[in-house]
Amino acid sequence: MKRYSVLIALILFAFASYAQDKPAASQDPGKQEPRAEETRMKALEDQVRSLAEQVALLRGELSALRDAKSGEPRPADHLLLASSHLEPGTLPTATSAPALPATPEPALSPTPPQYAQTQTYGGATSNAKLLNPDISLIGDFIGTAGRNTVSPSRSLELHESEVGMQAIIDPYARADAFISFGETGVNVEEGYVTFTALPAGLLLKVGKMRAEFGKVNTIHNHALPFIDRPLATDNLVGGEDGIDDAGISLSRFLPAPKNWFVQGTAQVFRGDSSNVFTANRRQDASVVGHLRIYRDLGESTNIDLGASYSRGHNNAGIGTTFDPERFLTNLYAADATLRWKPLRRAIYHSFLFRNEFFWSARDQLSPANVFETQHAFGLYSDAEYRANRRWTIGGRFDRSGRATNASLTDTGFSGILTYWPSEFSQIRGQYRYGHLWDITNARFTNANEFLFQFLFVMGAHGAHPF
Amino acid sequence: MRNANLCSRFIALIAALTLLCATCPPPAHGENKLRIMTATTDLAALAQEIGGDKVEVESVARGYQDPHFVEAKPSFLLKLQHADLLIVVGLELEIGWLPPLITQSTNPKIQVGAPGYFDASRYARILEIPTGVVTRAEGDVHPLGNPHYWLDPENGLRIAKGIQNKISEMRPNDAAYFAQRYDNFEQRIKQADEKWLAEMKPYAGRKIVTYHRSWPNFAEHFHLDVVGYVEPRPGIPPSPQHTVELIGLMKRDGVKVIAVEPYFDLKTPNAVARDTGGKVVVLMPSVGGEKEITDYFKLFDYDIAKLKQAFDETK
């Protein structure tokens with residue numbers, strides 16, 4: 001609206017200049033008569049008035065057209081003009097304020113897009129971008145110092161640049177894509193469409209996605225409360241990428257006692273996930289089932305429990321005389337999270353305590369070439385406390401057997417300190433100790449490392465599920 | 001063979017889940033009331049004013065909670081799942097928590113753009129709409145304008161009108177009832193506004209400092225002049241340098257009142273008040289911020305009383 005006011009002001013200004021210039025141009029000093037000048041002035045005044053009326057009329061027509069176009073009411077008497085502010089005590093009434101809709105929105109039609117507001121700030125270029133998805137980039141820079149002979153990482157690296165694109169597709173679905181650029185390649189971390197308008201309370205996701213297996217497997221790197229992933233994830237559930245595959249996910253809230261939230265999820269994937277699952281044939285799909293139980297213990301405290309199961313083929317039979325179909329991996333997980341966040345001081349203090357347990361049953365060949373199933377167990381326990389608006393302190397304990405040799409158990413713990421300059425950047429330091437099995441030297445070795453991380457967010461990155 | 005078993009088991013699981021879905025109807029709600037969920041308590045209060053006993057209204061955020069940072073708890077999903085109408089503040093105030101709740105609610109009625117999704121900002125007069133280039137160097141700016149617009153009774157009335165139209169469209173049989181309640185609300189808010197303006201008249205033009213940019217609509221309506229903020233930029237915690245500058249500004253301009261929202265720490269505001277001989281006043285930006293603020297009228301009653309008291313004490 002401001003633009004129109006400026007436009008009107010410009011027209012009037014131009015007219016005024018014109019009115020001033022014209023007589024000067026046509027002036028003949030020799031034949032100047034006061035009476036003729038008066039008549040001309042009057043004519044000009046009339047012209048100004050008539051033009052002003054026309055501008056007002058056009059302005060009215062324009063807003064009427066815009067209202068009709070948007071199908072939504074617009075507060076016409078207060079359109080972002082400071083001058084239109086009402087005097088104290090004069091609230092607009094239904095009749096005097098055309099702000100109030102004259103015609104109701106058409107029933108059962110989607111709400112029209114917000115023409116009215118977006119026009120007011122960015123101009124044409126902004127409008128051209130209206131239908132673009134929300135685009136974001138999260139840079140994850142990691143540095144490592146210290147000693148680790150078992151799984152050494154680079155001293156400095158831009159570990160990941162995650163580009164997120166998120167948009168509503170149509171009245172029935174939305175889509176989210178997260179493309180991860182590493183230093184050595186590109187990976188579609190997730191790219192799925194979610195159907196939000198299904199009957200019977202069903203939520204369907206189709207595409208490539210992180211499987212609903214436990215908690216840490218669902219969390220993107222930048223949203224983790226630590227720099228690395230727990231040992232149990234590395235040893236049993238596919239490491240950084242985890243169970244992340246192309247497939248279909250169906251979930252629904254299940255009937256539960258009052259104030260309990262129970263959700264069941266069933267997923268079927270192609271069967272290729274890091275080193276956990278390998279699909280040798282089209283039929284070798286992997287499946288994931290997840291049950292989540294949640295309850296508020298008060299307005300500040302809640303408990304979140306989960307049980308997960310996953311099953312798929314592994315790569316142990318490939319290149320052997322055995323039938324690769326026989327080699328399956330069954331994974332089980334249980335998670336429990338306790339959260340505390342006082343509502344009045346939510347941005348200053350919070351506490352989270354999470355435990356996750358994993359069991360892996362992997363079919364493979366023993367060194368003596370005998371078919372066997374390795375049963376390995378892993379867990380991590382993580383606590384984090386937000387001490388104030390900028391600082392979070394945390395710790396994690398890890399213990400995990402190895403999927404291929406359950407008798408080798410790695411242990412570790414970490415201390416983590418995070419600083420938040422703002423919501424859109426984060427600086428984190430982590431001391432990590434590990435008592436790890438060194439395959440090359442066939443002995444346990446100690447790893448002492450210091451990791452540091454800089455995270456930065458560009459653009460609009462949509463919130464992740466709780 | 002094992003694969004065949006695996007597939008058939010999975011199909012059985014899906015079938016069982018679908019059957020379970022089909023056989024469990026949503027919990028019954030009494031008297032066929034229109035179920036309204038709102039993002040904040042102020043919108044809930046306005047919806048209740050218009051909907052009366054024909055609606056059931058509940059807010060996701062509490063009145064004493066920072067509406068920028070609400071946790072998207074699954075317990076809200078249960079409420080959103082059965083809502084007929086979702087009223088949001090909009091202008092990206094809830095961008096950090098509401099979108100995943102809406103997506104996961106499995107409720108087609110309240111998805112963005114559906115008839116049960118109502119963005120109240122489209123009915124209100126919005127201030128501080130940035131022009132030109134917008135970057136986060138300015139902090140957590142809202143590119144569509146300041147979302148704290150409900151703190152102006154005129155906007156309250158406009159939103160109420162929007163709600164009236166929306167729920168009348170959803171329940172045409174009750175349209176007359178809603179219209180009558182709106183008329184009543186309009187009359188009462190006009191009277192109350194005259195009273196509030198009269199109460200605030202002696203303080204017209206007074207300069208104040210606020211913690212966050214929550215009060216532009218309030219300040220404009222009641223003719224206050226917000227000259228500074230405790231936050232150096234929206235969403236950025238106070239820094240020592242900015243605090244020193246703020247103290248200098250307050251001393252220079254003779255500003256004595258620092259208004260703070262209930263969800264911000266009082267340490268810095270108190271320190272500033274000590275240095276400037278000013279007073280910190282905790283104003284409630286939302287209904288339910290204190291127990292006695294039970295409706296939209298009491299919100300202004302409370303804030304105006306607190307402000308008057310602070311102005312009088314710092315004369």
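1. Chain B contains an open sheet of four strands, ordered β2-β1-β3-β4 and paired in parallel. The model is a predicted one. At the edges of the sheet are β2 (55-59) and β4 (117-119) of chain B, each of which pairs on one side only. Ignoring direction, neighbouring strands are turned against each other by 20° on average.

2. The pairing of strand β3 (residues 85-88) of chain B with β4(B) is parallel and consists of three bridges. B:Leu86 has B:Tyr117 in β4(B) as its bridge partner.

3. Two helices of chain B can be described against this sheet. Helix α5 (residues 153-170) of chain B packs on the sheet and touches β1, β2, β3 and β4 of chain B. The direction of α5 makes about 170° with that of β3(B). α2(B) lies across β1 (34-38), β2 and β3 of chain B, and runs at about 170° to β2(B).

4. α2 (residues 41-51) of chain B also packs against helix α6 (residues 175-200) of chain B. The angle between these two helices is about 120°, and their axes are 7 Å apart. Angles of 65 to 115 degrees count as roughly perpendicular and those over 145 as roughly antiparallel, so α2(B) and α6(B) are oblique to each other.

5. Which residues of α6(B) does α2(B) meet? They are B:Phe178, B:Arg181, B:Tyr182 and B:Phe185, and on the α2(B) side the contact involves B:Glu49, B:Ile50 and B:Gly51.

Notes. Residues are numbered from 1 along each chain as its sequence is written. Chains are lettered from A and ligands numbered from 1 in the order in which they are written. This is a predicted model: local features need pLDDT of at least 70, side-chain atom pairs count only at pLDDT 80 or more; totals for chains, interfaces and linings use all residues. Axes are lines fitted to C-alpha atoms, for helices over the stretch in contact, and angles run from 0 to 180 degrees between N-to-C directions. Angles under 35 degrees count as roughly parallel, over 145 as roughly antiparallel, 65 to 115 as roughly perpendicular and the rest as oblique. Two residues are in contact if their C-beta atoms, placed from the backbone, lie within 7 Å. Two strands pair if DSSP finds at least two bridges between them.
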